[in-house]
Amino acid sequence: MRTGTVTRDLKTNNMLHKCGVPLTPGDSCANCRLSNTNMADTAKEASFSLSNSERTSRSSSQGSGSASGDDPFGDQMSQGDHQAAMRRASRTRTQSTSDIKVLRTSKRTIYTAGRPPWFDVKGQFKEAFVIGICGGSASGKTTVANKIIEALDVPWVVQLSMDSFYKVLTPEEKELANQSDYNFDHPDAFDFELLFDTLKKLKRGRNVEVPIYDFTTHSRTKQQHTLYGANVIIFEGILTFVNPEVRKMLDMKVFVDTDSDIRLARRLRRDIMERNRDLVGVLKQYDKFVKPAFEQHIEPSMAHADIVVPRGGENEVAIDLIIRHVHSELEKRDVHFRSQLAAAGQGQPLPSSLHVLESTPQVRGMHTIIRNRETNRDEFIFYSKRLMRLLIEQAMAMLPFKTVKVKTPQGSTYEGMRFNWKRLCGVSILRAGETMEPALCAVCKDIRLGKILIQTNLSTGEPELHYLRLPKNISEDHVFLMDATVSTGAAAIMAIRVLLDHDVQEENIFFLSMLMAESGVQSVAYAFPKVKILATAVDPEVNDKYHIIPGIGNFGDRYFGTD
Amino acid sequence: MATITSNKACQDIGPNVRVLKSTGQLRELQTVLRDVETSRSDFMFCADRLIRLVVEEGLNQLPYSPLSVTTPTGYGYDGITFEKGNCGVSIMRSGEAMEQGLRDCCRSIRIGKILIQSEADTREAKVYYAKFPQDIETRKVLLMYPILSSGNTAIQAVQVLKEHGVKESNILLLSLFVTPHAVKSVTEEHPEMTILTSEIHPHVPLHFGQKYFGTD
């Protein structure tokens with residue numbers, strides 16, 4: 001029962017430690033295995049690599065004990081004392097290399113740091129760093145991978161296992177497999193084409209669906225893992241170096257070299273104790289397939305490795321070296337995004353992709369009310385909503401339409417127009433963007449809504465992506481992306497990048513905002529010239545605190561009454 | 001007090017007649033309301049959306065004056081504020097469909113009502129009932145009636161308002177669909193009143209009231 005592809009974060013790793021069983025590679029006590037898989041599930045659910053709604057209602061019903069119901073992190077937090085203890089542990093020890101912080105305000109606590117910008121001011125992605133880990137069966141690849149993840153200490157690591165890419169077996173092959181007569185260790189047993197495509201997309205920062213291989217039926221389950229948002233990809237398996245195309249994509253190749261006696265011993269223990277196989281069958285498979293495959297395919301591929309790690313996960317020195325190298329590579333990719341943004345595009349004429357709501361007396365009158373600091377919350381909400389409704393009606397009018405003829409009840413024919421788009425969905429940037437959802441729902445019945453939480457890291461000033469949930473199969477939709485106010489455009493660019501990573505067409509994205517600063521308009525238009533930008537008003541300036549001048553104040557706080 | 005000039009969101013068709021700017025979106029709403037296949041729930045949904053657009057544009061015709069305010073960031077903003085002293089009047093029954101749209105924009109606006117029915121034999125519009133705010137003669141009146149086919153009903157309603165002391169130039173007729181014939185007869189009868197509509201077309205959806213209220 002391998003867990004296949006699972007994104008692991010610190011929680012997962014802590015979980016392993018929690019069991020108190022010293023983790024020698026590939027084995028674990030029954031308890032540990034149990035909690036490990038449970039945790040992997042939780043991590044899977046919590047990780048926002050799982051953006052699509054493939055999850056069951058479980059995650060939504062799984063509000064954490066400490067968080068209030070509307071806390072967007074509710075389903076990122078796991079339940080129970082066990083996990084709570086683990087969380088505390090993770091908090092105390094994550095202060096080291098990365099900037100994972102615990103943000104505590106009077107009403108809210110955020111435990112994880114979000115993903116910092118993974119693209120430049122032009123909105124382009126710098127490729128993810130891929131670490132390939134190869135080694136014989138039961139050599140401790142997974143342990144090495146876990147140790148790397150743990151030591152890297154950044155949440156934006158995705159683990160991809162070759163096991164997910166086993167080919168679906170025919171009935172005859174299944175029969176062979178049941179008699180331990182099918183060769184799972186040969187390159188032909190893997191779907192390299194799918195593997196290549198998946199890894200390539202992932203390296204480019206795209207959202208991917210990874211199959212889940214069921215070892216009991218030897219087929220892929222209906223469900224898939226959605227993986228998204230990796231700065232570092234750890235790709236492990238027995239034949240990771242065999243295919244030259246795949247090999248080219250690996251930025252760092254690690255070979256885990258463990259003595260074959262130890263590997264056989266581990267394999268026997270794992271297969272017999274955990275997979276209920278019999279000794280004879282396991283030995284037969286080892287003799288017939290595992291050993292020859294190692295000698296023929298795996299051992300020779302060691303020549304491609306950049307680093308050979310003897311003794312697997314116990315080799316602290318080797319793992320430390322790997323981590324240092326990865327850190328230096330990640331630093332090369334680091335950007336200071338927001339400061340660059342604020343400087344970009346100053347003094348340029350406003351772009352043609354910007355559409356500002358016409359400044360009618362009503363629009364100006366409503367702006368006067370909501371900008372006034374004396375306005376009470378009731379009025380603020382009322383007039384904000386009216387303005388949003390106008391903004392959304394304007395955006396709707398910019399969608400494509402086609403001419404149609406309809407029959408009227410009076411019997412005549414009327415030449416009118418109908419919409420000419422496949423589907424429309426709304427995505428709001430939490431928290432303030434959410435305020436625009438009711439207006440959108442009032443204009444579009446049954447519209448699908450996604451949410452993205454982006455917060456500014458208080459110490460770096462950079463936007464960070466914390467949470468993501470998008471409607472399924474969003475790629476052909478027109479998307480209304482909504483945020484209440486935009487100053488530098490950092491969050492807007494990040495959100496647009498997320499949509500593009502999910503294969504939404506750039507020209508199908510409409511960015512809707514109540515109030516934008518010119519600098520924000522410039523930087524969004526600079527990064528994504530095809531995105532249509534709509535605002536009810538554009539203000540000229542941003543001050544050194546990134547507040548819009550004259551502005552509207554903190555929209556979310558005024559709307560939700562948290563000021 | 002600043003005066004209102006026409007803006008891009010609507011076009012002027014002759015003096016005191018304004019039509020919402022035609023967009024694909026507006027055409028779609030008009031198409032759905034005309035389509036015989038449209039379900040009642042879609043009909044109401046689209047009608048409400050169209051009404052809201054007409055009402056929002058209607059409110060732009062009201063008088064306002066400049067006002068400077070301070071934003072929460074401490075900077076000044078030069079805006080405007082609307083004058084008080086407006087009211088709505090709906091012509092029963094179909095005009096009542098537009099009341100909610102007005103309420104959604106102006107929460108506490110006063111709304112009067114007029115009941116006018118056509119005599120079956122003479123086709124003459126006759127006033128059965130009228131109830132207005134006390135000081136209606138001092139107010140700007142947003143008169144609501146969605147469909148103008150002959151224009152007789154609207155002409156009668158304006159007549160009633162004038163009898164209550166409302167100045168013709170203080171009346172703004174909000175409607176969704178108007179025939180060219182109705183435009184002509186209403187403007188001839190009451191030249192100083194302003195008409196705002198979403199479309200001028202010889203075929204208007206006469207089934208509006210029945211379908212909206214579900215009495216068809």
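**A strand and its surroundings**

Author: B:V141 stands opposite B:I171, a residue of β10(B). Before we go on, please keep in mind that this is a predicted model, in which local features need pLDDT of at least 70 and side-chain atom pairs count only at pLDDT 80 or more, while totals for chains, interfaces and linings use all residues. Residues are numbered from 1 along each chain as its sequence is written, with chains lettered from A and ligands numbered from 1 in the order in which they are written.

Our strand is β8 of chain B, which covers residues 140–144. Helices (H or I, at least four residues) and strands (E, at least two) are DSSP runs, numbered from the N terminus. One partner of β8(B) is β10 of chain B, made of residues 171–174. Those two strands run parallel and are joined by 4 bridges; DSSP must find at least two for a pair. Another partner is β5 of chain B, residues 86–92, which also runs parallel to β8(B), with 5 bridges between them. Here you can look for B:S90, which stands opposite B:M144 of β8(B).

Now follow the side chains along our strand. B:K140, B:L142 and B:M144 point one way from β8(B), whereas B:V141 and B:L143 point the other way. Every one of these residues is buried (20 or more other C-beta atoms, placed from the backbone, within 10 Å of its own; 12 or fewer is exposed, in between partly exposed). With 5 of its 5 residues buried, β8(B) is largely enclosed by the rest of the structure. For chain B as a whole, buried residues make up 42% of its 216 residues.

Let's step back to the chain around our strand. Chain B has 6 helices and 13 strands. Its C-alpha trace spans about 65 × 40 × 30 Å along its principal axes. Take the contacts (C-beta atoms within 7 Å) in chain B that have a separation of 6 or more: 61% of them link residues 24 or more positions apart.

For the complex, the predictor gives an ipTM of 0.88 and a pTM of 0.74.

Chain B also touches chain A, in a contact that takes 41 residues from chain B and 40 residues from chain A. On the side of chain B that touches chain A, α1 (24–34), α2 (40–59), β3 (64–70) and β4 (76–82) of chain B each supply at least two residues. The most comes from α1(B), with 7 residues.

Across the contact, chain A has a strand called β8 too, made of residues 252–257. It belongs to an open sheet of 5 strands in chain A, in the order β4-β7-β3-β8-β9 with parallel pairing. The edge strands there are β4 (157–161) and β9 (307–310) of chain A, each pairing on one side only. β8(A) and β9(A) pair in the parallel sense over 4 bridges. To find that pairing on screen, look for A:F255, whose bridge partner in β9(A) is A:V308.

Terms used
Two residues are in contact if their C-beta atoms, placed from the backbone, lie within 7 Å.
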